[in-house]
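Have a look at the structure first, then read on.

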Amino acid sequence: MILLNRRTMVAGASASAAACLAGCVSTDPNPAVTAAAVSVAPAVDAVTPNYNAIYAEVRDGAYAIPAFQYGQVNQAFLRTSVAYATKEAPGTIVVDTGDHLLYHVESGGRATRYGVGVGREGFGWSGEAMIKSKQEWPDWYPPKEMFERQPDLLKHMAELQSGTGMHGGPENPLGARAMYLWQGNRDTLFRIHGTNEPWTIGQSFSSGCIRMVNQDVMDLYQKTSVGARVVVLSYPGSEPAKVAHA
């Protein structure tokens with residue numbers, strides 16, 4: 001596993017990352033730091049879209065996704081087309097966990113930049129992976145470590161085809177879309193997914209997964225092919241992704 005260095009860092013993540021794979025939900029309903037308080041460098045050569053349009057309410061199959069109240073987060077974390085110098089090929093996803101930003105690399109030296117929520121202290125990770133599969137309105141299967149930390153979760157679970165979990169839908173913490181990150185033939189148990197807690201975008205608040213506003217993860221989902229490369233940049237304390245099984 002090759003880790004990639006970055007310049008602006010946040011403190012975080014201890015060696016307990018292996019025990020917290022893919023929890024994907026928050027444990028504190030009252031974030032101590034609001035995204036509006038986070039300082040992020042202005043986008044380079046940014047093309048700002050019509051946020052009222054792209055974050056409007058949308059009907060998606062059987063579900064209605066409410067409009068994203070984008071004033072809840074710092075504008076730096078809203079979807080933007082930016083100039084982006086990189087050696088990565090178009091179609092690659094680069095996640096800058098320290099700055100809470102995700103880049104979808106495009107041709108012509110540009111990228112679409114999205115704000116993301118990432119793993120809180122002890123749950124950060126870094127390295128390379130690939131999109132093994134994608135799913136709309138995914139079911140959620142918390143790992144046993146999460147049930148041990150949060151036994152009340154069992155009240156919201158059902159027995160699904162792959163075990164104890166929660167059916168996909170608006171109440172599911174994986175949101176409207178999920179992309180599953182693997183290393184070779186091994187599941188890292190980390191995901192890029194939507195969220196029903198959009199106010200956490202721009203924060204280190206999850207159990208290791210990369211969360212996005214539902215409208216943004218739907219946009220990224222339709223741009224991203226199975227097999228796409230994902231690069232998660234390292235920062236002090238981040239751990240290489242630990243695979244779930246041999």
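## A histidine and its contacts

The side chains of His-104 and Glu-106 make a polar contact at 3.3 Å; that term covers a pair of N or O atoms within 3.5 Å, where within protein one must be able to donate a hydrogen and the other to accept it, and residues adjacent in sequence count only if both atoms are side-chain atoms. This is a predicted model, where local features need pLDDT of at least 70 and side-chain atom pairs count only at pLDDT 80 or more, while totals for chains, interfaces and linings use all residues. Residues are numbered from 1 along each chain as its sequence is written, and side-chain values use heavy atoms, leaving out hydrogens and water.

His-104 is buried, at 6% relative accessible area (buried means under 20%, with a 1.4 Å probe and protein chains only). Leaving aside residues up to four places away in sequence, His-104 touches several others, including Ile-93, Tyr-114 and Leu-220 (contact means heavy atoms within 4.5 Å).

## The hairpin

His-104 sits in strand E5, residues 101-106 (strands are DSSP runs of at least two residues, numbered from the N terminus). E5 pairs with E6 in the antiparallel sense over 6 bridges; pairing takes at least two DSSP bridges between two strands. Val-105 stands opposite Ala-111 in E6.

The two strands, E5 and E6, form a hairpin with 3 residues between them, and Gly-108 in the turn has a positive phi of about 75°.

## On the other side of the pairing

What about E6, residues 110-115? 6 of its 6 residues are buried. Arg-110, Thr-112 and Tyr-114 point one way, while Ala-111, Arg-113 and Gly-115 point the other.

E6 also runs antiparallel to E3 (residues 80-83), joined by 4 bridges, with Thr-80 opposite Arg-113.

Note on methods: Buried means under 20% relative accessible area, exposed over 50%, partly exposed in between (1.4 Å probe, protein chains only).
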